[in-house]
Amino acid sequence: MLRIGEKQELTVVKKVDFGVYLADASEEKEEEFRQNKAAGSQRQKRSPHENREDREQDKVLLPKKEVPEETAVGDRLEVFLYRDSKDRLIATCREPKLTVGKFAVLKVKEVSKIGAFLDWGLEKDLLLPYHEQTAKVFAGDECLVAMYVDKSGRLCATMRVYPYLYRNSPHVLNDEVDGRVYELSENFGTFVAVDDKYSGLIPRREGVTGLKPGDRIHARVTGVKEDGKLDLSIREKAYLQINEDAEMVMDVIDEYAGVLPFDDRADPEIIRREFGLSKNAFKRAVGRLMKEGRVEIRERRIYKVKG
């Protein structure tokens, strides 16, 4: 069986001026047996054109420029199957940067009306349709993508790599890791591919804002779930982060002319929007400022203490 988007070993069944035709050896034997058994009666029921078309569907061309020297009928070659610029199934001995069901970081070569085209090491670039982009991409960008076969039998890329990432990460609690943001979710948080291959998430409760797909981050592992997925934080541990948060909160209070129009009991969404902090982190920061005598809370507002 010829499998588009995969590497497979096929047999040379015919040599022509413009290359060689390859086929799955087992399928060739089955076809030969079936044709012999039919003893010609089947060919009488169908036109020569139909018979030829059926046979060609079981074969794929490896262009002459890619055929190894001294290749003979019966030789087996490892090739990759994809569609050429004329939408014909074609074989190549080149090594693609991506195969079906796998993921890789690819560079955007150009953007068109139908999507972005990615460099994956073959003559025809790989299409990343607009509806498979989690953020707008531009020529020169690097994208973490997976590859799939669309409804038309064409190979396409997707930035929605969550189902493809590995969950057997070697990382443990409190490890420091590098990752790439690939999707944002209002319900769950910021999805991250740790080391560009392991499934990670900065939970929504972290209150992180300002990140976008494609951003590279340095994070800390705050949890390892039973299924192997990682919880992450780009913030320091609470006792280390609190001073930085307190100063940031103080800056925002100054922007409000010394009176913040809400206190630490405000809605988490308001806190996240104004400070990019979780409610707990905000409460800790305000508590630190109150302990230092720099702010006070009155009438559901936070006031800067004038020194």
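Which residues of the largest nonpolar core touch the most other members? They are L106, L118, W120, L126, L128, V145 and L155, in a core of 22 residues. A core here is a set of buried Ala, Val, Leu, Ile, Met, Phe, Trp, Tyr and Cys residues joined through side-chain atoms within 4.5 Å, where buried means under 20% relative accessible area with a 1.4 Å probe, protein chains only.

The model is predicted, so local features need pLDDT of at least 70 and side-chain atom pairs pLDDT 80 or more, while totals for chains, interfaces and linings use all residues. Residues are numbered from 1 along each chain as its sequence is written, and side-chain values use heavy atoms, leaving out hydrogens and water.

**Aromatic rings**
- Phe, Tyr and Trp (six-membered ring) pair if their centres lie within 6.5 Å, and planes under 30 degrees apart are stacked, over 60 edge-to-face and the rest tilted; the count comes to twelve pairs.
- F80 and Y82 are stacked, at 6.3 Å centre to centre and 25 degrees between the planes, and both residues are buried.
- F262 and F282 are tilted, at 6.4 Å and 50 degrees.
- F262 lies in the loop between β16 (259-260) and α5 (268-275) and F282 in helix α6 (residues 279-291), so their pair ties together parts 20 residues apart in sequence.

Technical notes: Buried means under 20% relative accessible area, exposed over 50%, partly exposed in between (1.4 Å probe, protein chains only). Helices (H or I, at least four residues) and strands (E, at least two) are DSSP runs, numbered from the N terminus.
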